[in-house]
Amino acid sequence: MTGQDTPQNIGLSNLNFRLAIYRKVLEELRDASPVNLLFGHGTSSGGTVVMRVFPRSYMADTLDPNRSIHNEWLRVLYEWGIIGFVLLLAILVTLVVELRKRTERSIGSIGSPAFFSFLPAFLLAFSSENLIASAGNAV
């Protein structure tokens with residue numbers, strides 16, 4: 001595929017590719033039933049959104065649905081709903097709070113301050129890639 005591989009001139013090599021996916025996810029969230037909004041559309045269902053946006057560019061048997069939305073916040077909200085989104089936030093907040101407590105208790109430790117220095121980049125990366133889905137896929 002090239003940078004201009006669709007009639008809308010949206011290709012893998014430019015930001016319009018991701019923005020088109022984000023718009024479609026937000027559109028489907030806006031039009032979702034209350035049940036789908038609360039509980040989500042199901043794990044790995046994000047691939048269907050991408051295939052609706054780019055039907056000629058992807059095939060179901062080769063698409064990794066867990067990495068196709070390219071935004072962990074939107075993926076969690078779309079696939080797991082408001083409940084899943086709140087659970088993810090609760091996990092992240094709990095992690096930050098507990099590390100903060102640990103930092104206050106252990107003067108001179110580098111682990112917790114190192115985490116806090118990386119936290120903004122980690123949270124920002126959630127907005128541009130699927131970190132959770134990619135965690136075990138280092139190759």
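**Entry 1: a salt-bridge network**

I began with the charged side chains. K24, E27, E28 and R52 are linked in a network of salt bridges. The model is a predicted one, and I read every contact below with that in mind. In total, the structure holds seven salt bridges.

E28 forms a salt bridge with R52, and their closest N and O atoms are 2.7 Å apart. What does this pair tie together? E28 sits in helix α1, which covers residues 15–30, and R52 sits in helix α3, so the bridge ties together parts that are 24 residues apart in sequence.

I looked up the exposure of both ends. E28 has a relative accessible area of 14%, so I noted E28 as buried, under the 20% limit. R52 is partly exposed, at 44% relative accessibility.

**Entry 2: two other bridges**

I turned to R30 and D31. These two form a salt bridge, with 3.3 Å between the closest N and O atoms. Are they buried or exposed? Both R30 and D31 are exposed.

Next I checked helix α4, which spans residues 72–105. The side chains of K101 and E98 meet there in a salt bridge, at 3.4 Å from N to O. How far apart are K101 and E98 in helix α4? They are three residues apart, so about one helical turn separates them. I found K101 partly exposed, with 38% relative accessibility. E98 is also listed at 38% and partly exposed.

**Entry 3: I21 and its surroundings**

I moved to I21, which lies in helix α1. I21 is buried, and its relative accessible area is 0%. Which residues does I21 touch, leaving out those up to four places away in sequence? I listed V50, F54, S68, I69 and H70.

I took a backbone distance for one of these. The C-alpha atoms of I21 and I69 are separated by 6.4 Å, although the two residues are 48 apart along the chain.

**Entry 4: the nonpolar cores**

I21 and I69 both belong to the largest nonpolar core. I counted its 12 residues: F17, A20, I21, Y22, V25, L29, V49, V50, F54, I69, L74 and Y78. Which helices supply at least two residues each? I noted α1, α3 and α4. The largest share, six residues, comes from α1.

There is a second, separate core of five residues. I wrote down W73, V76, L92 and F126 as being among them.

**Entry 5: positive phi angles**

H70, one of the contacts of I21, has a phi near 65°, a positive value in a residue other than glycine. Where is H70? H70 lies in the loop between α3 and α4.

S44 is another non-glycine residue with positive phi, near 70°. I placed S44 in the loop between α2, residues 34–39, and α3, residues 46–53. Is S44 buried or partly exposed? S44 is partly exposed, at a relative accessible area of 27%.

Notes. Residues numbered from 1 in each chain as written. Predicted model: local features only at pLDDT ≥ 70, side-chain atom pairs only at ≥ 80, totals over all residues. Heavy atoms only, no water. Helix = DSSP H or I, 4+ residues; strand = E, 2+ residues; numbered from the N terminus. Buried < 20%, exposed > 50% of the residue type's maximum accessible area, 1.4 Å probe, protein only. Salt bridge = Lys/Arg side-chain N within 4 Å of Asp/Glu carboxyl O. Contact = heavy atoms within 4.5 Å. Core = buried A, V, L, I, M, F, W, Y, C linked by side-chain atoms within 4.5 Å.
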